[in-house]
Amino acid sequence: MTQELNLTLQVWRQDGSSDPGHFETYAANGISEDMSFLEMLDIINEQLIEDEQVPIEFDHDCREGICGTCSLMINGQAHGHEKATTTCQLHMRKFKDGDTIVVEPFRARAFPVVRDLVVDRSSFDRIIEAGGYISINTGAASDANLTPVPKEAADTSFDAAACIGCGACVAACPNSAAQLFTSAKLAHLNLIPQGQSQRFERTETMVDTMETFFGSCTNHGECHEACPKEISLDFIAFMNRDYVKAKVKNRKLAGQT
Amino acid sequence: MAATATNPQGSTPIFRRKWQLPFPLNIYQSSIGRKWVMALTGIGLLGFVIVHMIGNFHIYEGPVQLHEYAETLRGLGGGLFPRTFLLWLLRIGLAGMFLLHIHSAYSLKERSRKASDKADFVSGEKKYGSKRDYVAANYASRTMRWTGPIVLLYLLFHLADLTWGWWLGDEYVLGDPYHNIVASLSSLPVAIIYVVANVALAIHIFHGTWSLFQSLGINNPKYNELRRSLAKGVAGIILVGNLSFPVLVTAGLVDDDNRKCEVGDVACLEHEAEKH
Ligand code: HEM
Ligand code: SF4
Ligand code: FES
């Protein structure tokens, strides 16, 4: 027997980036507890369309927790209160009948609101463009396992690569810092042999780009709690160490690593 | 990557660096470099706070020993340097660390405020419509920008009080720190200022001692747990040690009675110290 929930939603509505925006209250009645949070919003939107009103815009794509497109600040927590869960994977059974839920966009100056709950996260793309790749010529396809990678390094790099670029870390951060995202993208490549030759150059350019958009980390640790992929704060320390090393190395060896 | 609808506004940098300073000054131009400076000066200040506290424990040995300690500081370096030379070097270094620490803290705070939508001034924390539900940030980490300035104000008060003797007036005796401390802390409002400021200092140090490891990238999963315990230990020792002075003076356990040398008789203090 699935239970049905009757909820009150307070949703941020903003008609384009120049609109100041405001909260609108909606009744969400007869919501099945098996729905995801986004499916619940779909139901509200169907009602709004039936009533000839403008539906609520929100970001979504895979709806299986792997693309990083969904966002939302739900009751003051990025992707809601469930640990290690994206909004698309957040189920309504995690809420109680009669709850009031406040839904807002992710906030940061570098994430301007496009409309309602949709924010523009292309500042993340700028960081990736600055060095989140390996661009050296590696020749023809080599035999598998030609490059030995220690198991631990591969595992840790994989943990970092789990970042889906959703921006919850920035949204949760009181300083709007993007340290967790950037450090995950750096550690992903900087921990494995394939990434070594460009390691310090990459660290410098990605951090410098990050710093043109985002605030400064004060080590609160809110990002890690908000992260749907539980990216570790250890990567931030790794980045801080590599960044100053990069500044010193590039000077001493003129571009060599 | 999140494939969000693109709006050119989102790719416009908020901060631009006008020019690049030569190495190593360019490190201080970046936020991460500035955090390094904050952490390194924080370690220096932490060292000062601990040495200062341990030195002050001489008060529990009596006026002669505290006088002797003060003289030792002035004569640091033995016969190698002119008297008070090394002490002045330390003072200048300390002032420099304070300035760098405060400048990096203030400028980073301003950055975060500008990077945050709808941020309020002091905390730099952005506002959400719903009450923010902090999960990891603790009281200490969220109040660094309050406890820091409180420590600064207290520092100025403390210098005016016991180094320059501004409001002790005739009561202030150069060369008899024991008497000056007792005279100052016997006033209840002053004792309360010392208690409040040192609680703020301990809270600042509790977050700072943990935070500096992250800032400097000193991170090893084997020892990471110890960083919190260390922060608790360091903050706790500094709290108890520094609070002991105003508390014991207020309780009347440290006072000017039964002194071997009269209050203000610096020659006697010097003579007694010679005997050691
Ligand atoms: C003896 C006194 C002081 C000690 C021992 C001390 C120690 C520290 C330490 C260890 C940190 C952590 C550094 C890091 O995160 O890497 C820190 C951070 C900080 N300090 Fe201090 N500090 C002192 C005085 C001050 C003063 C006078 C101010 C301001 C007027 C101040 C403002 C701050 C702020 C705002 C932060 C955090 C900023 C951030 O993380 O971005 N501190 N302090
Ligand atoms: S670090 Fe976590 S919260 Fe930040 S963008 Fe990556 S997945 Fe999202
Ligand atoms: S929609 Fe892809 S992660 Fe939520």
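**Domains, chain interface and ligand sites**

Domain 1 of chain A and domain 2 of chain A bury about 1,400 Å² between them, and carbon and sulfur atoms account for 59% of this; buried area is the accessible area (1.4 Å probe) that two parts lose on being put together, summed over both. Three residues, A:Lys83, A:Ala110 and A:Phe111, supply 34% of the area that domain 1 of chain A buries against domain 2 of chain A, more than any other three residues. The model is predicted: local features need pLDDT of at least 70, side-chain atom pairs count only at pLDDT 80 or more, and totals for chains, interfaces and linings use all residues. Residues are numbered from 1 along each chain as its sequence is written, chains are lettered from A and ligands numbered from 1 in the order in which they are written, and side-chain values use heavy atoms, with hydrogens and water left out.

The two domains of chain A span 4-115 for domain 1 and 121-254 for domain 2, with bounds that come from an automatic or database domain assignment. Their C-alpha centres lie 30 Å apart. In contact across the boundary are 20 residues of domain 1 of chain A and 20 residues of domain 2 of chain A, where contact means heavy atoms within 4.5 Å.

The rule finds three salt bridges between domain 1 of chain A and domain 2 of chain A, a salt bridge being a side-chain nitrogen of Lys or Arg within 4 Å of a carboxyl oxygen of Asp or Glu. A:Lys83, already named for its share of the buried area, meets A:Glu230 in a salt bridge with an N to O distance of 3.8 Å. Six residue pairs, both members at pLDDT 80 or more, are in polar contact across the interface of the two domains of chain A. A polar contact is a pair of N or O atoms within 3.5 Å; within protein, one must be able to donate a hydrogen and the other to accept it, and residues adjacent in sequence count only if both atoms are side-chain atoms. The side of domain 1 of chain A that touches domain 2 of chain A has 10 nonpolar, seven polar and three charged residues. In these classes Ala, Val, Leu, Ile, Met, Phe, Trp, Tyr, Cys and Pro count as nonpolar, Asp, Glu, Lys and Arg as charged, and the others, Gly among them, as polar.

Next comes the interface between the chains. Chain A contributes 70 residues to the contact and chain B 61 residues. The area buried between chain A and chain B is about 5,200 Å², of which 52% comes from carbon and sulfur atoms. A:Arg109, A:Glu211 and A:Asn219 supply 12% of the area that chain A buries against chain B, more than any other three residues. Two salt bridges are found across the interface of chain A and chain B. A:Glu211 pairs with B:Arg17 in a salt bridge at 3.5 Å, N to O. Polar contacts between chain A and chain B involve 27 residue pairs, both residues at pLDDT 80 or more. Several elements of chain A each supply at least two residues of the side that touches chain B, among them strand 5 (100-104), helix 2 (122-129), helix 6 (199-210) and helix 8 (234-253); helices (H or I, at least four residues) and strands (E, at least two) are DSSP runs, numbered from the N terminus. Helix 8 of chain A gives the most to this side, with 11 residues. By class, the side of chain A that touches chain B has 34 nonpolar, 20 polar and 16 charged residues.

Residues from chains A and B surround ligand 1, so this site is shared between chains. Of the 23 residues around ligand 1, B:Lys35, B:His101, B:His204, B:Ser211 and B:Ser215 come nearest; a residue is near a molecule or strand if one of its heavy atoms lies within 4 Å of it. A side-chain N or O atom of B:His204 is 2.8 Å from a nitrogen atom of ligand 1. Helix 2 of chain B gives the most to this shell, with seven residues. The shell around ligand 1 has 13 nonpolar, eight polar and two charged residues.

Ligand 2 has 13 residues around it, of which A:Cys163, A:Cys166, A:Gly167, A:Cys169 and A:Cys227 come nearest. Helix 4 (168-172) and helix 5 (179-190) of chain A are the elements that give two or more residues to this shell. The shell around ligand 2 divides into 11 nonpolar, two polar and no charged residues.
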